[in-house]
Structure formats: C-alpha cells, structure tokens
Amino acid sequence: MISNLNNEHAWPYEIDPILEALFRYVDSLSLPETPYVTGRPPVSKKSLLKCFFLKTYFAIGSLRKLVRILQRFRCFQRACGLGEVPHLSTFSRAAKWFREQGFPVFHAQLLKDLEVRYPQIVLIDSTALRSSLYDSQAKWGVSTRYHWFKGYKLHLCTTAEGIILSHVLTTANRNDAAVAPELLVSLKQWDIELVLGDAAYDSEKVRQTAEQSGILLLSPINRRNSEERKDAYGRVLPVFLKTRFGQWLFGLRREIERVFNELKSDGLEQPRWYGFHRYLLHVLCCILMHNFEFLL
C-alpha cells in the first residue's frame, strides 16, 4: 500500500477519513509533555502517538521500518506534526512510555468521552493471534480455529455494544480461566451486574473473583467438569440456558465475537511478526482505534 503513494501529494487522510478524525482527537487530548533529556530537540508525545497509529494503520512491522517510511514520505511527517523524523531510540522510549503510561490515560479519556458509566452486562472472551514461527517470546497454544498455533492470545472484556473496557495480552499457552481474574479485577470501577463468558470460564476461582468484585459470572458448564458438578450452579445453569431469557442473554455473546472479527479484518493479527512488546504496541493501538470509531 505504501509503495503506491506519491511522496509529496498522497495524504493518508485521502485513504481513510477516520485517520484524520483520530489525529484531531489526539490533538485535543491532555498528555503530559516531559521531553527526554538527550540533547536533541524535544518531540511532542502527540506527534509520536500519531506515528504509532500510522504504524498500526499500515501494519508496519517495526519501529525501524516506521522511521524509514517517515523519512521517505514527507506527507506522513506533516500529518503527524513532525518537523523532522526523530531517531529510532526516541520512538523506542516513546513506545515503552505508551505501553506503560500513555495507553491507560488515552483509554480512560476515550471511555469517558463515550460516556461508558453503567455497563450492566459485560462480555468476556479471548482470540488467538498467530505470530512468526521464529518468535522466541511466543508460545504454542490451541484454538478452535487454528488448532495448534504459535503466538499470543488477546483477552477482552467488552460492553454489549462492543466497546472494549479492558484487555490482557498473553502468550498462547495461557488458559482463559487463569487470565479471567485479572480482567475481572479491572472492572471494579464500573457498576457491572453480569459477565457472560463461554465454557472456558467455568471455574470456581473465576466465579469467586467475580463475586468479590460484586459481579455475577455466568458461563456454560464445561463438559470436562460436568461429571463432577453437583453444586447449585451446576444444577441450575443448564436449566436456565434452556429458557427463552437464558437463550437471549447468552445470545449477546455474539457481539464480542463480532468485535474480534472486526479487529482482525482491520489487521489485528500479524502472523509474520515477532516480539511480545512489538505485538503489544500494535494491539493497544488497534483497541484505541476500535473504540474511537464509536465516537464518530
């Protein structure tokens, strides 16, 4: 896609107006500007953040490639508000800042602008993200679609409308039930009543974590646990799922599957990439871009 652009005249805004709207939104944010003391002229964090969104939009595989593309296409420099292209080390430090500090601030502000206050029903699930077979940080795991694959897993909590509330990126060998407590704890700031998950979350520990947060977790009975289940939950839930209300309620889980499909169609999964932090930066930008579309 990039090789077909004219160096001086092709603007990314002509490709997707959402990118233009996103850049305007970045300009409206209040981000702490603490330039690095390196002897070089300071670079605005907003400009660096725009570069990361540009990297995500074009699925640019590394920060080194991003620097080369910015140097080649002046239109991208102007779009990101750069007078000159920063050094690779500047992008590396900014990427670490964004993963650890910038994303939580941006995401919280975005959810505030979306007026996400009382999401009574939340959906929880995970999806497989394949990576390069040469990725030493990735692990082998099993998924319904790919069977055995090497890569990572993106675990999400979303509203019934599809807005992403929280996430965890893990290697592919992590079990959904083992990651669920971390996701559920992150939901304490909202007044949530129900969390709907699939059979992978049928775990007493997961339900206890949810109860401690004042949340009722509902998930179908896992077949591997069906013979041992003699508690009230194991007796009542199968009956509840046969009722019309139960079928409607669990039908809402199709929304989180739609979210995963949209994310992947927009380039979330990059099977040729390697490196956990590289993949994480890409995933964080994809989450923000997905949620931002609800503002349009």
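This is a predicted model: local features need pLDDT of at least 70, side-chain atom pairs count only at pLDDT 80 or more; totals for chains, interfaces and linings use all residues.
A pocket here is an open set of points on a 1 Å grid over the protein atoms alone, where a 1.4 Å probe fits, with protein on both sides within 12 Å along at least five of seven lines. Lining residues have an atom within 4 Å of a point. Volume is the space filled by probe spheres set on the points.

Phe103, Pro104, His107, Leu165 and Ser166 are the closest to the centre of the second largest pocket. Helix 5 gives the most to its lining, eight residues.

The largest pocket has Asp125, Ser126, Ser143, Thr144 and Asp176 nearest its centre.

| Pocket | Volume | Lining residues |
|---|---|---|
| Largest | about 690 Å³ | 26 residues |

Now the helix pair. Helices are DSSP runs (H or I, at least four residues), numbered from the N terminus. Helix 1 (residues 17-28) and helix 2 (residues 45-57) pack at about 155°, with axes 10 Å apart. Helix 1 is therefore roughly antiparallel to helix 2 (angle over 145 degrees). Axes are lines fitted to C-alpha atoms over the stretch in contact, and angles run from 0 to 180 degrees between N-to-C directions. Contact means heavy atoms within 4.5 Å. Residues making this contact include Leu19 and Phe23 of helix 1 and Leu49 and Phe53 of helix 2.

Residues are numbered from 1 along each chain as its sequence is written. Local features need pLDDT of at least 70, side-chain atom pairs count only at pLDDT 80 or more, totals for chains, interfaces and linings use all residues, and side-chain values use heavy atoms, without hydrogens and water.

Technical notes: Helices (H or I, at least four residues) and strands (E, at least two) are DSSP runs, numbered from the N terminus. Angles under 35 degrees count as roughly parallel, over 145 as roughly antiparallel, 65 to 115 as roughly perpendicular and the rest as oblique.
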